[in-house]
Amino acid sequence: MNRRTGNSRQRARFAWPETLRRALSPRTWLRRHAQVALESLGRLSRNPLAGLMTAAVIGIALALPAGLYAMLENLQRLSGGWEDQAGLSVFLGQDVTESAAQQLAGTLDAWPEVDAVTLVTPAEALAEFSRHAGFADVLDSLEDNPLPAVLLVTPVESHSTPATAAALQQRLQDLPETELAQLDLQWLQRLGAMLDMAKRGVLIVSALLALAVLLVVGNTIRLEILNRREEIVVIKLIGATNGFIRRPFLYSGVWYGSFGAVIAWLMVQGGFFILAEPAQRLAMLYQSDFRLETLPLLLLAVLLTGGILLGLLGSWLAVGRHLDAIEPA
Amino acid sequence: MIRFDNVSKRYPGGFEALSNVSLELDYGEMAFLTGHSGAGKSTLLKLVALIERITGGQLYLDGQNVSRIGRRRIPYIRRKIGFIFQDHHLLFDRTVFDNVALPLVISGYRHQEIGRRVRAALDKVGLLNKERVYPITLSGGEQQRVGIARAVVNKPMLLLADEPTGNLDPELSREVMGLFELFNRVGVSVLVASHDIGLISGLHHPVITLDHGRLGAPQAAGA
């Protein structure tokens, strides 16, 4: 058994170095990834209904937290718009004359905890009310102006916190001219606190639904691996690395995540489109030009990032668990 | 090309499929491996392809000791080997072309190169006109030849064949053996396991005989 042919030396050249050089070149790497990505996409398109169903489940799971979060953002934007015009309203007694009110405004303005004071005389208040639809007729029918003079007090920043503003409110309430000193911010602060809590809630829901996406992708990929068991055995036998075998499954996960993200985006945009008109009508009733809106591109970017990462992670977990177990025998 | 030094293979159940086997197949050599069924022919080939791992002795491939080589390096060793199975292991959801192209795709060849090499391999096994069909529509002999084309498309240094003619009639069997000799003539080392003594005794190559996992006396066949 010792027949060496002249060709054997030439043949040996084909083995290691060229394989290695090919495997390490960045162009090869890019070409392979593009190939595999397209191949995975092709595989999905051959069974569009099943793929679409998985993507839809992921879409719904992503759309829920995204939609809730966008809704909260809108509420926060709405309440944020009110915050800077808020302060304390000091309703003066009916017997306080305008000049006395003027004087009081001057006095309060000198207080260190007060930033600015605006006097709204009963006449001005009446004029503002009349501008609002429906009120004019009612006000015309009155003989006297029932409205008191109001001092709008804006506290300095150090007295805008709930506790310090409450102290200022008490001090204003104790003035003999005051009928009622009202802290306008209070309900806004409560709303703010509620929104903060709701945001945490959305965070929890997001975490749970992210876990659901992981499980859905993981399970889908697991079934794909089992379906292609024979193929995996064959390509392992002809020298495929684990990385090569893993790659199409990881890309499947990425595609599921991406399509899920696009579906979620369409759902959120659609939902907001449906809600936009009634929300605007509601806002008009409150004399607000508030509009319900999302930031479509930012939302899409966030959903895509989340979807792709979850898809990748889900398939990674499935592949890691199941691929090693499949060995040719 | 292949060197067994006192190689043993004991399966987890305790069954010893190979005991103290020492043999050598040189570069460019072609040999047959024969013996009764269960003698250890398949096990020996699986050890070479690193499908099974040896439990005793040393195994060298292309000058490299692969006795305890790590799992991550196995794929690169396998790319030097073309393996032909009795049941050919073709993928029935892809065309003949795509089946044969698999080893090249795995090694990351570019598109044009893949087309060129696949057609050359199909031409050698006489199936150039079938590249677009699916393997299920081919006869048993044709399927086996697709398997051979896939095994040689990567220009491996070594061809291993496990009962490649097991399901073929005598005429097709001779054709397939003729193909192996053709590749051997251009420098590929070939090791064929077959129990078809009638077929291999007509060919002029060394015969390695296994008997209950032990090496029998080498026969200078056809001499």
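A residue is termed buried if 20 or more other C-beta atoms lie within 10 Å of its own, exposed if 12 or fewer do, and partly exposed in between, with C-beta atoms placed from the backbone. The structure is a predicted model, in which local features need pLDDT of at least 70 and side-chain atom pairs count only at pLDDT 80 or more, whereas totals for chains, interfaces and linings use all residues. Residues are numbered from 1 along each chain as its sequence is written, and chains are lettered from A and ligands numbered from 1 in the order in which they are written.

**View 1. Overall fold of chain B.** Chain B contains 7 helices and 10 strands (DSSP runs numbered from the N terminus: helices are H or I of at least four residues, strands are E of at least two). Along the principal axes, its C-alpha atoms occupy a box of roughly 45 × 40 × 35 Å. Of the 223 residues of chain B, 47% are buried.

View 2. Because 9 of its 12 residues are buried, helix 3 of chain B is largely enclosed by the rest of the structure. Among the buried residues are V96(B), A101(B), L104(B), I106(B) and S107(B). Just after this helix, G108(B) adopts a positive phi of about 80°.

**View 3. Packing of helix 3 against helix 5 in chain B.** Helix 3 (residues 96-107) and helix 5 (residues 140-152) of chain B pack at about 30°, their axes lying 7 Å apart (axes are lines fitted to C-alpha atoms, for helices over the stretch in contact, and angles run from 0 to 180 degrees between N-to-C directions). Helix 3 of chain B is therefore roughly parallel to helix 5 of chain B (angles under 35 degrees count as roughly parallel, over 145 as roughly antiparallel, 65 to 115 as roughly perpendicular and the rest as oblique). V96(B), N99(B), V100(B), L102(B) and P103(B) of helix 3 meet V146(B), A149(B) and R150(B) of helix 5 (contact requires C-beta atoms, placed from the backbone, within 7 Å).

**View 4. Loop residue E163(B).** E163(B) is situated in the loop between strand 7 (158-162) and helix 6 (170-185) of chain B. Although not a glycine, E163(B) has a positive phi of about 45°. E163(B) is buried, with 20 other C-beta atoms within 10 Å.

**View 5. Loop residue H212(B).** H212(B) lies in the loop between strand 9 (207-211) and strand 10 (214-215) of chain B. Its phi is near 45°, a positive value in a residue other than glycine. H212(B) is partly exposed, with 14 other C-beta atoms within 10 Å.

Conventions. Contact = placed C-beta atoms within 7 Å.
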